[in-house]
Amino acid sequence: MPEADEVDEVDEEEMPLSLRLSIADTLTLGNATCGFMAVYFTTTGILIPHLTGSQETGMARHSAATAVILMLCAAVFDLFDGLVARKLRSSPMGAELDNLSDLISFGLAPAYFVLVYGMVANDAHQKVAAVGAIVVLLAVVLRLARFSCVTPTNGMFQGMPSPFGALTVVSIVLLELPFEATLLAIIGTAWLMVSRVEYPKPRGRLAVAMLAWIVLSMGLLAAWAFEAPSGQLLLQTGCALQLVMGAVIPLFATARRVNNFRDNRREARGAQLP
């Protein structure tokens, strides 16, 4: 009996240690907070004024920019929590917290953004936009579930990463294309997230480039929100570049894989020669 009591005391002492948040977990919670606040600003600054008949377009523009900037901030948190977790200690909850936070910031927030777009845009169809929003949400759910079960190899992701996919979805909406083109582009992005198309992990120089792109995107959104000269053109250019990168990056990855395959075949043939 004394030995059993000692085991219980040890378990009680060890349990809190496994539940303590690490620095990486704190960054992950910042990711979730930004995603929730993006939903908040989309609701209070865009949806509610539309439902109440308010004509304050400036407020809607500021709220839309704020919501997207918060998603960009969530992407920054998501980028750094992985880097910190690899350098420092991460708690046993780290992977679960990361998936749940990504679901809020890169699943719920962009899907809700699409849903509200379908309600406020002049040429949009609310029910069809709701279907598009559901497709985005389910694509992120499936992607995160698959990511938990499959270990990435060769520093590559299978499918478009959810942060990149979320930013691509909101970029499509901000481009203000015709509704049909917007919906098709959104569904295409959702397909890329669950596809087997390879995207490189943001590490090293690629992580620095991604961070620089996020900061630049924040600047473009701020210029658009405050109606800076050519702010609309700058924003649309940035959104178009986001779409181009989403399509071009996997082409580079595919080309590299094909070149590696050819090199391996040449080496195999050279080894077979006398």
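Leaving aside neighbours within four places in sequence, which residues is M71 in contact with? They are A38, S105, F106, A109, P110, F113, L167 and V170, where contact means heavy atoms within 4.5 Å. Before going on, note that this is a predicted model, in which local features need pLDDT of at least 70, side-chain atom pairs count only at pLDDT 80 or more, and totals for chains, interfaces and linings use all residues. Residues are numbered from 1 along each chain as its sequence is written, and side-chain values use heavy atoms, with hydrogens and water left out.

M71 also belongs to the largest nonpolar core, which has 45 residues. Such a core is a set of buried Ala, Val, Leu, Ile, Met, Phe, Trp, Tyr and Cys residues joined through side-chain atoms within 4.5 Å, and buried means under 20% relative accessible area (1.4 Å probe, protein chains only). Alongside M71, the residues with the most contacts inside this core are F113, L174, I186, L221 and W224. Among the elements giving two or more residues to this core are α2 (23-51), α4 (94-120) and α8 (205-225), while α3 gives the most, with 10 residues. Helices here are DSSP runs (H or I, at least four residues), numbered from the N terminus. Another core, of 9 residues, lies apart and includes V140 and L192.

Now let's look at one helix pair. The axes of α5 (residues 126-149) and α7 (residues 179-194) come within 8 Å and cross at roughly 10°; axes are lines fitted to C-alpha atoms over the stretch in contact, with angles from 0 to 180 degrees between N-to-C directions. That makes α5 roughly parallel to α7, a term for angles under 35 degrees. Residues making the contact include V140 of α5 and I186 of α7.

Notes. Angles under 35 degrees count as roughly parallel, over 145 as roughly antiparallel, 65 to 115 as roughly perpendicular and the rest as oblique. Buried means under 20% relative accessible area, exposed over 50%, partly exposed in between (1.4 Å probe, protein chains only).
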